[in-house]
Every structure is written in C-alpha cells, then in structure tokens.
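Here is a short report for someone meeting this structure for the first time. Keep the model in view while you read.

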Amino acid sequence: MVNAEPPLSLLLELTHKCPLQCPYCSNPLALERGGGELDTAAWLEVIDQAAALGVLQIHFSGGEPMARPDLPQLVKRAAERGLYSNLITSAVLLNAATLAALAGAGLDHVQISFQDSEAAGADRIGNYAGGHAKKLAAANLVRAAGLALTLNFVVHRHNIARVPDMIAMGEAFGAGRIEIANVQYYGWGLLNRAALLPTRAALDACTAAVYAARERLRGQMVIDYVVPDYYAAEPKACMGGWARRFLNISPSGRALPCHAAETLPGFDWPSVREHTLADIWNGSAAFARFRGTAWMPEPCKSCDRREIDWGGCRCQAFALTGDASRTDPACELSPDHAIMAEAAREAERAAPEFVYRRIGANVGAAQS
Ligand code: SF4
Ligand code: FES
C-alpha cells in the first residue's frame, strides 16, 4: 500500500446508453448494457469516498449521463461534498426542465459536444436527425442559466475544414472556453481510423486557423487544441500520467486509470462494489503497474521528458505494438514510430464508410 497523491479528477461513466452513435466514441467496443449499472446508492457512496480521498472535480459522463434519471441527485451530493461538478453531455436530452433540475442541484459546468458547425454533417456523424438543432438550443439555455459552458468540437476528416466556423460558433455563444479536439484513436475511433484521420495538409490548415484565432481572441475565449498523435513528434502525457491525477469508473463500477484501460490484457480491474476508492488508488496492483517511471523501458528510462509525458499512452502502445509497456509510438524516439507514419498514409486514400457506435455493431467486419 502506497499513499499516492490523491487524484485531481474522477470521471463517472454513469451509463453507456446514448441516443447518438458517434463513430469515434471513447467508450469500449464492448459497451455495457444498462442492467449491470451501479445503482444510485452505489454512485452516491463513490462520490462520498471521492471527496474523502481528496478529489477536487467530478465529471459526469457516459454514454449520455442524462439518460440516468438520478443525475440531479448525484450532482447534489457532489455539491454537498464540495466537489466541482462538470456535466459532459451530447445535450440532446437537455431542456429547460432538465437543466433547471441540474442547476438547482448545484451543477457548476456544462460541456456540450458538437459533431460539426453545421447540421447536416453533425447529424450524420451522430446518426441522430435534429440533434444539432437541439444542441444549439441547449447551449442557449445553459448560457441563460448562467452556468459555465464549454463547447467541445470533435474534429476529423469530414469536418476539419470547418474549424473556423466552429470557432465562430464559440464566439457567438460567448463561451469562455472551447475545445477543438481532433479524434483520439482508441476504441471506436481506432476502429474507424481510416474513415476519420485527416490528412497532414488538412491538419496543418486547422492548426494555423486555431493559432490565429487564439491570438485574435486572447483574453476573451480560451481555445484548447488537441492534435492527432499520428502527426505528433512527442506523445501527450495521457491522463497526466498513469494513475497520477485521474480515476475513471465504468457503468458497472470497475475502477480504471483511463477510459481505454479495459483494452489492456492481463489486468484485474478492481470494482467499487468490493473495494473503497482509497484502497483502489493506493493499493491496487493494476493502478501501480505504470505509475511513475520505474516501469519504463529505454528510450523513456533515460529521457529527460520522462516526468513530462510519462512515456505517453499505455493503451495506444498496446493497440499499436501489442505491448503496453513499450514507449508510445507517437514519440519520435520510439523504435515503433514508423507505425504512425504508415497509418497516416491511410488518410491520403478515399475514406471508407465508418461503423456507428452501438451495441451489436459489426465490429469484426471493420477490423478485418
Ligand atoms: Fe517521452 Fe519516452 Fe519519448 Fe522521452 S522517449 S519523449 S519519455 S515517450
Ligand atoms: Fe489509457 Fe492513454 S488511454 S493510458
């Protein structure tokens, strides 16, 4: 048992149910069905334990967290325990009544994901007719309620040319912060990589637009920007480092250091049904496995960035090399870095159809 620094953030995947079917969803390919979800009492206990452990922020996520009717009750408990609460939502279930219940429960912040700046592209990616219009209405309601609002735009080859319009949308809403987040290629995103990864030229144009807007909007709107690892020279510090700042709970109560950790073989993920969050965080072998730097191979082991990026992403290392303990191939020092350039060549070819995220999707056909 160690006494690790407490996690900064706890993300509760309350459910994998979602009205949308985005082909880059961060949920696992094996979506959990509703019957196995933790009940209200169990989620309330998790929130209590998180506050006791020293967590500062709680993210209510999914799937679509608003598909859980007990969401206001959970938000209220987070507020009572002094936790900053963020709702990560598609917003298609957000209306005046549901927002009033959440605001009354003490919700601090709403992050609405947009699939595009225009309705046709957005509704096609989410496979939900009328979704974009509902999101616009919901964003207006959040602003009118005086809650903090972040607009999150997920970017890929089908919408990357409209990044300037997405930034203009953020300005029009008076958002204090927007995110221009290229798809991260795990789970459904990895399955659909050939359909979604933009070309290098498209990404460079996007990056130039974001940097110019950041200059122009300095002091008015913050633009967070995430690029695809496939064009990076250095990996990102995934989750701020394995089991350093972040804890994720799956709908059925499995505790994970990141949303994709269940893709890694050989791990026995602890459940909050059987263990306290403190025991999981401080005592679980799975959480200790890649924490810190002792596990690192070369070139990370002797690299002066090892406590900056923590060797990149374990799930990406496994997905692309079959070994979770290798240096993330996104790093140009990795012996596997050529994998990224090879995959990026997919983007120069015509895009195949993507597979929508849903239980029972023909995942095997897309992987073969
Ligand atoms: Fe980061 Fe490892 Fe690459 Fe160094 S070698 S930059 S620590 S991933
Ligand atoms: Fe699991 Fe990066 S997504 S470590």
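Asn159 is buried, with 24 other C-beta atoms within 10 Å. The cut-off for that label is 20 or more, so Asn159 passes. This is a predicted model. Asn159 sits in the loop between S5 and H6. Beyond its neighbours within four places in sequence, Asn159 is in contact with Asp116 and Gly121. Ile125 is 34 residues away from Asn159 in sequence, and their C-alpha atoms are 9.8 Å apart.

**The sheet**

How are the strands ordered? An open sheet of 9 strands runs S7-S6-S5-S4-S3-S2-S1-S8-S9, with mixed pairing. S7 and strand S9 (255-256) stand at the edges with a single partner strand each, so one side of each has no neighbour in the sheet. Strands of a sheet pair through backbone hydrogen bonds, either parallel or antiparallel.

Two pairings show the detail. S5 and S6 run parallel and are joined by 6 bridges. Phe153 stands opposite Ile180 in S6. S2 and S3 also run parallel, joined by 4 bridges. Here Phe60 has Leu87 in S3 as its bridge partner. S3 is mostly covered, with 5 of its 6 residues buried.

Helix H5 covers residues 131-144 and has 14 residues. From first C-alpha to last, H5 reaches 20 Å, close to the 20 Å expected at 1.5 Å a residue. Which residues of H5 are buried? They are Gly131, His132, Lys135, Ala138, Ala139, Leu141 and Val142. These buried residues pack against helices and strands, among them helix H3 (96-105), strand S4 (109-114) and helix H4 (119-126). Strand S5 (148-155) and helix H6 (163-173) are also packing partners of H5. Just after H5 comes Gly146, with a positive phi of about 80°.

H6 has its own buried set: Val163, Met166, Ile167, Met169 and Gly170. Seen down the axis of H6, these buried residues fall within an arc of 150°, so they line one face of the helix. They pack against S5, strand S6 (177-182), helix H9 (200-216) and strand S7 (222-226). Gly174 follows H6 and has a positive phi, near 65°.

**Backbone exceptions**

Most residues other than glycine have a negative phi, and most peptide bonds are trans. The table lists some places that depart from this.

| Site | Feature | Value |
|---|---|---|
| Gly62 to Gly63 | cis peptide bond | omega about 10° |
| Glu298 to Pro299 | cis peptide bond | omega near 5° |
| Ala91 | positive phi, not a glycine | phi about 75° |
| Met239 | positive phi, not a glycine | phi about 60° |

Where do these sites lie? Gly63 is in the loop between strand S2 (57-61) and H2. Pro299 is in the loop between helix H11 (285-288) and helix H12 (314-321). Ala91 lies in the loop between strand S3 (84-89) and H3. Met239 lies in the loop between S7 and strand S8 (246-249).

Are Ala91 and Met239 buried or exposed? Ala91 is buried, with 26 other C-beta atoms within 10 Å. Met239 is buried too, with 25 other C-beta atoms within 10 Å.

**Ala78 in helix H2**

Ala78 belongs to helix H2, residues 71-80. Why does Ala78 count as buried? Because Ala78 has 27 C-beta neighbours inside 10 Å. Leaving aside neighbours within four places in sequence, Ala78 is in contact with Ile47, Ile58, Leu83 and Ser85. Leu196 is another matter. Ala78 and Leu196 are 118 residues apart along the chain, and 36 Å separates their C-alpha atoms.

**Around ligand 1**

How many residues surround ligand 1? There are 14, and the closest are Cys300, Cys303, Arg305, Arg306 and Cys331. By class, this shell has 6 nonpolar, 3 polar and 5 charged residues.

Conventions. Residues numbered from 1 in each chain as written. Chains lettered and ligands numbered in written order. Predicted model: local features only at pLDDT ≥ 70, side-chain atom pairs only at ≥ 80, totals over all residues. Near = placed C-beta within 6 Å. Nonpolar A, V, L, I, M, F, W, Y, C, P; charged D, E, K, R; others polar. Helix = DSSP H or I, 4+ residues; strand = E, 2+ residues; numbered from the N terminus. Expected span 1.5 Å × (residues − 1). Buried ≥ 20, exposed ≤ 12 C-beta atoms within 10 Å, placed from the backbone. Contact = placed C-beta atoms within 7 Å. Arc of directions from axis to C-beta. Pairing = 2+ DSSP bridges.
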